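Here is a walk through a few spots in one protein model, written for someone who would rather look than read. Have the viewer open as you go.

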Amino acid sequence: MRKSASRSMAEQNTIYAECPTCLGSRKHEIVVQKQHDGYIEEIGTHFWNAYYVIQCMGCETFSFAHYSSSTDDVDGDDQPIIFIKLYPSRRVRKPIKHWYYMPKTVSNIYKEALIAIGSEAPTLGAAGLRAVVESICEDKGVRKKNLEKSIDALVSAGFLASEQADFLHLQRYLGNMAIHEITAPDERELLAAVDIIESLLKTLYI
């Protein structure tokens with residue numbers, strides 16, 4: 001059954017996949033494909049991998065897809081479970097419009113944080129968002145001995161309203177949990193933190 005699944009994937013010219021640009025399931029043309037099947041004798045497991053360079057038939061964006069399964073990966077009806085990884089991840093969030101107006105140090109850390117979040121690394125993503133705030137404080141010349149005082153200094157210097165600082169403090173707690181307690185935030189908290197940071201970036205630079 002697994003071999004059959006492998007062959008049927010290889011014979012296709014198109015697949016449906018999440019497009020990182022359209023942000024939805026779209027039909028893709030398979031531009032290049034490579035198959036790799038194998039057998040692990042020690043545990044008696046057959047496995048297969050299918051690698052695709054694909055192009056969205058809507059926006060024409062190129063991406064990469066990896067399909068995999070094995071004789072151990074079956075559901076309750078003994079049907080194969082196929083695992084799919086897409087690169088870039090469909091969850092990768094695009095930088096805000098006109099991000100290039102930001103200082104390079106700030107924009108680089110901001111984009112790295114988005115990549116971490118989109119790559120299903122929430123702890124690193126939360127730490128990255130905290131680093132964005134640190135870099136902003138550094139750029140504005142208000143960096144203090146800790147981030148809490150640095151955020152308050154943004155208010156004192158007139159860069160932020162106190163209400164905006166309150167939201168940043170909430171995001172700071174999230175970053176502290178990630179860095180000091182190695183605790184990953186849940187997806188909803190993390191995306192809310194991205195919204196807070198992007199609102200700050202728009203206020204200060206765009």
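## A glutamate, a helix and some rings

E134 sits in helix α3; helices (H or I, at least four residues) and strands (E, at least two) are DSSP runs, numbered from the N terminus. Before going further, note that this is a predicted model, where local features need pLDDT of at least 70, side-chain atom pairs count only at pLDDT 80 or more, and totals for chains, interfaces and linings use all residues. Residues are numbered from 1 along each chain as its sequence is written, and side-chain values use heavy atoms, with hydrogens and water left out.

Back to E134: its relative accessibility is 13%, so it counts as buried (under 20% relative accessible area is buried, over 50% exposed, and in between partly exposed, with a 1.4 Å probe and protein chains only). What does E134 touch, not counting residues up to four places away in sequence? The answer is R143 and L147, where contact means heavy atoms within 4.5 Å. With R143 there is also a side-chain polar contact of 3.1 Å. A polar contact is a pair of N or O atoms within 3.5 Å; within protein, one must be able to donate a hydrogen and the other to accept it, and residues adjacent in sequence count only if both atoms are side-chain atoms.

Helix α3 (122-139) also turns up as a packing partner: the buried residues of α2 pack against it and against α6 (187-205). Among those buried in α2 are V106, Y110, L114 and I117. Helix α2 covers residues 104-118, and at 1.5 Å a residue its 15 residues should span 21 Å, which agrees with end C-alpha atoms 21 Å apart. (The expected span is 1.5 Å times one less than the number of residues.) Just after α2, E120 takes a positive phi of about 60°.

Now the rings. Phe, Tyr and Trp (its six-membered ring) pair if ring centres lie within 6.5 Å; planes under 30 degrees apart are stacked, over 60 edge-to-face, and the rest tilted. That rule gives 5 aromatic pairs, including these:

| Pair | Centre to centre | Between planes | Type |
|---|---|---|---|
| F64 and Y87 | 6.1 Å | 45° | tilted |
| W99 and Y100 | 6.0 Å | 70° | edge-to-face |

F64 in strand β4 (residues 62-70) and Y87 in strand β5 (residues 83-87) are 23 residues apart, so their pair links distant parts of the chain. F64 is partly exposed at 31% relative accessible area, and Y87 is partly exposed too, at 42%. Together with Y51, F64 and Y87 form one aromatic cluster. W99, at 28% relative accessibility, likewise counts as partly exposed.
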